[in-house]
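Q: Please take a close look at one part of this model, the open sheet and what surrounds it. Then place that part in its wider setting.

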Amino acid sequence: MQKKNWKAWLYLLPAIAFLSVFMVYPLIDVFVYSFEEGYNSASQTFWGTGLYNYSYVLHDPYFLQAVKNTFILVIITVPVSTGLALLISLGLNSIRRLRDFFQTVFFLPYVTNTLAVGMVFMILFKKTPYSDGLINLLIRFFGGQSVDFIDGPYWAKILVMCIYTVWVVMPFKILILTSALASVPQDYYNAARIDGTPPFRIFTRITLPMIAPMVFYLVITGFIGAFKAYSDEVAIFGTNLNAAGMNTIVGYVYDMLYGDSGGYPSYASAAALILFAIVLTITVINLMISRKSTQF
Amino acid sequence: MSSDIVTPILKRESFSDIISLTVSKKTDRQMIKGHIYDPGYGLESDDWKRDTAMKVVLDHLTKRFPSRSKKGEDVIAVNDFTFEIPDGQLIGLLGPSGCGKSTTLNLISGLETPTEGRIYFGEDDVTHLPPENRGVGLVFQNYALYPHMTVLQNILFPLQNLKGEARPSKEDMRRRAEEAARLVQIDMLLDRRPSELSGGQQQRVAIARALVKTPRVLLLDEPLSNLDARLRLQTREEIRRIQRETGVTTIFVTHDQEEAMSISDLIIVMKDGFVHQIGKPQTVYDEPCNLFVATFLGTPQINLFEGRVENGRLYIGQDAVLKVDCADREKLTVGIRPEGFVLQENGPLCCALQAVEVMGRDHSVVSTHPAAISKTIRSIIPSEESPHVKSGSVRFRLKPFKTYLFDAGTGERIPFSAL
């Protein structure tokens, strides 16, 4: 076996080469940058090493605002989108007529361009000299005060952001959950019927545990995806997210690199590593919970 | 776990106690109850069985499935099935795959609703009752144990679904689940998950889950098909024992005739949705009503020949094998069970000998005959009478009661008696 080992490495070489150039090296680089104080990418110089970059980032009000926005987004959209997707999948699973049609309809947002979706949301929510947006028309129709969702109060902007994110991430979840539901053997439901199990109990005691691995998969990837949110925000609020107060952590990293106030790769690296630490922690917790509750 | 480790002792007093919970005639029960709690209560007595066992009446039961294509004809899975299954017995529903036996089981369980006809449990018409109100226990072919629950949770599950007055207390549920587990001898495995059990153990858990609600009728769908050969023998005796001890009317589906014959009180032979014959296993074997039943039952299979009746003699090819009392017929099918051949030096049936297979107690003689419908004829001969292969031919006398005549066209049996 030992002799043939070089062959195995040969087969792995393309993957290893690509991964080390485009993944491992940048990761190490980011790690190094984050400790180099006053790093200048043009002259490739820095004047010291230490934790100053982290300290700066953690005291930057823009970064704190970005962290707050990101966390609100994660905490609201992951449970809401997963829950809604589960409800819709259960509905799809229990109808026979028009199932394919509805499946297609629910999957459409997945194949629609983010920016196109952003345009639609503009029409729904944005105030222009000519119109207040469709939602405001509705609010006024029912006797409410019109709200400026794009440039208005913080809660309105977060609301639009959450609705947008939920709407964008749901199709994939519905797709995964409908196939998970369809793969639960019919015999379990027949056995439950023989025992006279009430529908809600069938759901909580049989359906949910059977699809639990898929639900956990969606929650974990959902968390990671929501922490990395950025393009959706740009689609709605434009590129100057700091001004709108709607920046996210990834947005902050981007701004530090290339934005109007950019040119600080060290700060960007520190922020990216903080994000990495957060995502890692949450994912580990998620995995621990899912291991515990899907043991069979 | 194997059944020979644990002696099959049922805690009778407590299991019967369970049963008394489900019985409506309370006064009668309490009188008997005194009996039951008496430790000297005989194991042979089956007093308490009578209250719970149910006869199952199928009245012109028909199930049609609509055809997939619009022009095609409906598929008739069960066709006009009428029979009264007596209470407290073990019934084997036997037939080749696709004969409608599983559909019949699903109709009785309530998972399917019949197109026509009615089903009664005792005097109750259950035709349109949902499954949970019928009081049936169903053991699925692949057991359908919930993989995320332990054995105990699986057995408890049906009880936890009960509502209102029928719902027992927590301790009661646990006790009943343990009783059921003890009955099928898995009481030491209660904390395991199904994936940690062998096939045979999973089967027992499935039976315990079906029994824990003390059903009026126990239904088993191909209970042995997922087990290996050795376990199959053991488990079918287990099923027999469990059925005897609980006395519950049990219907099981199988395509294996040996399985059905060995443990059933009655077997029902089905094909293409029709019931061909119902009777005690031995009776059905000895007196098959038509060619299908005769060929379906028995291993090795019955040997078939083309024959004719001429002047009161039954001919197979040129050999006049038996004197019979029926009218002349140009063409009929003669069926002879393997054990119906007797070696005789100048016997009437002359066959070309091919091989003798040694099976220990018996020898199986393989030969050919020009009038045989199958390629070879197989006969079972006691080992001490075995012929020499070198002799080239072999002559048989036929046992008349192991010889059957069937109409060559319809396959209906033609009664005759040998003279």
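A: What follows starts with the chain and its domains, goes through the sheet, and ends with the partner chain.

The model is predicted. Chain B holds 11 helices and 21 strands. Of its 419 residues, 40% are buried. The chain is divided into two parts: domain 1 spans 51–286 and domain 2 spans 300–414. Taken over C-alpha atoms, the centres of domain 1 and domain 2 of chain B are separated by 40 Å.

Now the sheet. It is open and has 6 strands of chain B, in the order β13-β12-β11-β14-β20-β21. The pairing is antiparallel. Its edges are β13 (319–323) and β21 (413–414) of chain B, and each of these pairs on one side only.

Strand β12(B), residues 313–316, runs antiparallel to β13(B), and 4 bridges join them. One of the bridge pairs sets Ile316(B) against Asp319(B) in β13(B). β12(B) and β13(B) form a hairpin, with 2 residues between them. Gly317(B) lies in that turn and has a positive phi of about 60 degrees.

Strand β20(B), residues 403–407, is antiparallel to β21(B), and 2 bridges join the two. Here Leu405(B) stands opposite Ile414(B) in β21(B). As for side chains, a general rule applies: in a regular strand they alternate between the two faces of the sheet.

Pro300(B) is found in the loop between α11 (291–296) and β11 (303–310) of chain B. The peptide bond between Thr299(B) and Pro300(B) is cis, with omega at about -10 degrees.

Another loop of chain B deserves a stop. Asp272(B) sits between β9 (266–271) and β10 (274–279) of chain B. Its phi is near 50 degrees, a positive value in a residue other than glycine. Is Asp272(B) exposed, partly exposed or buried? Asp272(B) counts as partly exposed because it has 14 C-beta neighbours inside 10 Å, between the limits of 12 or fewer for exposed and 20 or more for buried.

Leu98(A) is not a glycine, yet its phi is positive, at about 65 degrees. Leu98(A) lies in the loop between α3 (61–94) and α4 of chain A. With 10 C-beta neighbours inside 10 Å, Leu98(A) counts as exposed.

Helix α4 of chain A covers residues 99–111. It has 13 residues and reaches 19 Å from its first C-alpha to its last, close to the 18 Å expected at 1.5 Å a residue. A bend of about 25 degrees lies at Val105(A), shortly before the proline Pro109(A).

Last, the meeting of the chains. In chain A, 13 residues are in contact with 17 residues of chain B. On the chain A side, the elements giving two or more residues are α8 (186–194) and α9 (199–227) of chain A. α8(A) gives the most, with 6 residues. By class, that side of chain A has 6 nonpolar, 3 polar and 4 charged residues.

Methods
Residues are numbered from 1 along each chain as its sequence is written. Chains are lettered from A and ligands numbered from 1 in the order in which they are written. This is a predicted model: local features need pLDDT of at least 70, side-chain atom pairs count only at pLDDT 80 or more; totals for chains, interfaces and linings use all residues. Domain bounds come from an automatic or database domain assignment. Two strands pair if DSSP finds at least two bridges between them. The expected span of a helix is 1.5 Å times one less than its number of residues. The bend at a residue is the angle between axes fitted to the seven residues ending there and the seven starting there. Two residues are in contact if their C-beta atoms, placed from the backbone, lie within 7 Å. Ala, Val, Leu, Ile, Met, Phe, Trp, Tyr, Cys and Pro count as nonpolar, Asp, Glu, Lys and Arg as charged, and the others, Gly among them, as polar.
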